[in-house]
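Thanks for coming, everyone. Let me put the structure on the screen, and then we can walk through it together.

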Amino acid sequence: MNLAVKHDVTALLSQRGGAVPRYTSYPTAPHFEAGLGPAMQAELCAALDETDPVSVYLHVPFCDRLCWFCGCNTKHTLKYEPVRTYVDALLDEIAGFGKSLGLRPRAGQVHFGGGSPSILSAEDMGRIGAALREAFVVGPQTEISVEIDPSDVTEETLRGLGDLGVTRASVGVQDFDPLVQRAINRPQTFEQTRDVIAAMRAAGVGSVNIDALYGLPLQTRPRLMRTIDQVVSLDPDRIALFGYAHVPWVKKHQKMIKDEHLPDMHERFQQALAAGAALAEAGYDTIGIDHFAKPGDGLAVAARSGHLRRNFQGYTTDRCHALIPFGASSIGAFEGGYVQNIVATGQYQEAVRSGRSAAAKGYRMTADDRIRAHMIERLMCDFRISFDDLEARFGDAAEPYVNEAVALAEADADFVCGADPDGFFVPDTARPFTRLVAARFDAHLKGSDFRYSKAV
């Protein structure tokens, strides 16, 4: 993709320092209000019934190695006892939720994130699976996905994944180059990853995703492209190609990464373009700004049909109206707003043991938020906001937002957006800048002093 003709890349990437939210939610988590969590959790539960399926997210905030690039809420442990104690609290939270709700919603999707959920023993996977099946209706229609660190996977892990009923595994790769791996403290051979993926497929895991990163320390385009070739050879169903989010002011361990080892904005940008082009050439459909999927995969089908969604796990086929959070720092969502559990693991466990709500922060959506959330999600998923759809969903309230979009398009001097009779859009050549365009609709961003990661 040649962007040099119309786009001043330096100027675009310098907007707000080139740093804006990833828009896996709107409003984003920094705008959640402390102390509102229990009330929002109660509202979320009140909105549930047995007819609509829900999504479930479980956070496992432990790793047996701390990767320096990591931006997750997690902690390093070499002993299993803290993990087992945490699982006890997680089981209590799930049981308490089911008891207070008084009904068993159908689980459409269940996602285990971390940290490294693959650190769990087979016994604890079984205990969690049993608790979920007690609180929810989990059946053949339920997609169960788990994030995997290949260094954790043993025969016991594979048995646990099978007992849990995992249908999709998301395998962290980042980069296979040994020099880059040393710079991020993530040793992981291609052969180890290949063998783990083969073993999971043999154990019945039907779909495999791979996560790769660009913009890493000491990463160059040739090194990245070798990794992309190796990733393609593993034949994953989906690939997430994320830009490394360097936020050492939030994640102190990232200070182990030397700033001078990071690629500059132009090299980072060219890495993203080159890797994306290689994945498209390999036969993967481009999904949104950073995902790729085989044409027959559900994610690609959803993108073609206009049903692609975006949530805290990134791009998804999940069409459930509610996301139920379990575990420290986990975030839930429903049409009324958001709720986030206590972040600190010890405080979360103490709250659960004491019978208190694990919820801490929350956000109650306004009418303005709902419309802007829809507009930003459609931009991130479809690169277009349909004016007809906006009016069908929100009636007369949509008119000022249509006018705002048209005004933004008319004032655009960067060739990153436009408007036609059908809607507001990001042209094909400007899609790498979609987060910057979405930020123009973000009413909370102005005046915010929160520092985000780079937009590309």
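Here is a question to start: does Glu 267 count as buried or exposed? Its relative accessibility is 18%, so Glu 267 counts as buried. The cut-off for buried is under 20%. Keep in mind that this is a predicted model.

Now, who is the partner of Glu 267? Arg 221 forms a salt bridge with Glu 267. The closest N and O atoms are 2.9 Å apart. Arg 221 lies in helix 8, residues 221–233, and Glu 267 lies in helix 9. The pair therefore ties together parts that are 46 residues apart in sequence. Arg 221 has a relative accessible area of 35%, so Arg 221 is partly exposed.

Let's stay with salt bridges. Side chains of opposite charge can pair when their charged atoms come close. How many salt bridges does a search of the whole structure find? The search finds 26.

Take the one between Arg 65 and Asp 149. Their side chains meet at 2.9 Å, N to O. Arg 65 sits in the loop between strand 3 (62–63) and strand 4 (75–76). Asp 149 sits in the loop between strand 6 (143–148) and helix 5 (155–164). So this pair ties together parts that are 84 residues apart in sequence. Both Arg 65 and Asp 149 are buried.

Next, Glu 123 and Arg 84. They form a salt bridge, with the closest N and O atoms 3.5 Å apart. Glu 123 belongs to helix 4 and Arg 84 to helix 3, residues 81–101, so the pair links parts that are 39 residues apart in sequence. Arg 84 counts as partly exposed, because its relative accessibility is 27%. Salt bridges that share partners join Arg 84, Asp 88, Glu 123, Asp 124 and Arg 127 into one network.

On to empty space. Rolling a probe the size of a water molecule over the atoms shows where empty space is left. How many cavities of 30 Å³ or more does the structure hold? It holds 1. The largest cavity has about 40 Å³ of space. Its lining is Val 110, Phe 112, Gly 129, Leu 132, Arg 133, Val 138, Ile 144 and Leu 164. Strand 5 (107–114) and helix 4 (122–135) are the elements that give two or more residues to that lining. Helix 4 gives the most, with 3 residues. By type, the lining residues divide into 6 nonpolar, 1 polar and 1 charged.

Now the second largest pocket. About 1000 Å³ of space lies in it. The lining has 35 residues. Which of them lie nearest the centre of this pocket? Arg 309, Cys 320, Glu 335, His 374 and Glu 377 do. Among the elements that give two or more residues to the lining are strand 12 (309–311), helix 12 (367–382) and helix 13 (387–394). Helix 12 has the largest share, 8 residues. The lining of this second largest pocket divides into 14 nonpolar, 9 polar and 12 charged.

Last stop: the surface. Trp 249, Val 250 and Phe 450 make a nonpolar surface patch of about 250 Å². Trp 249 is placed in the loop between strand 9 (238–243) and helix 9 (265–281). Its relative accessibility is 31%, so Trp 249 counts as partly exposed.

That's my tour. Questions, please.

Note on methods. Residues are numbered from 1 along each chain as its sequence is written. This is a predicted model: local features need pLDDT of at least 70, side-chain atom pairs count only at pLDDT 80 or more; totals for chains, interfaces and linings use all residues. Side-chain values use heavy atoms; hydrogens and water are left out. Patches are made of residues with over 30% relative accessible area and no salt bridge: like charges are joined within 9 Å, nonpolar side chains (Val, Leu, Ile, Met, Phe, Trp, Tyr) within 5 Å. Accessible areas come from the Shrake-Rupley method with a 1.4 Å probe; for residues, only the protein chains shown count as cover. A salt bridge is a side-chain nitrogen of Lys or Arg within 4 Å of a carboxyl oxygen of Asp or Glu. Helices (H or I, at least four residues) and strands (E, at least two) are DSSP runs, numbered from the N terminus. Buried means under 20% relative accessible area, exposed over 50%, partly exposed in between (1.4 Å probe, protein chains only). On a 1 Å grid over the protein atoms alone, a cavity is a set of points where a 1.4 Å probe fits but cannot get out, and a pocket is an open set with protein on both sides within 12 Å along at least five of seven lines; lining residues have an atom within 4 Å of a point. Grid points are joined across faces, edges and corners, and a volume is the space filled by probe spheres set on the points. Ala, Val, Leu, Ile, Met, Phe, Trp, Tyr, Cys and Pro count as nonpolar, Asp, Glu, Lys and Arg as charged, and the others, Gly among them, as polar.
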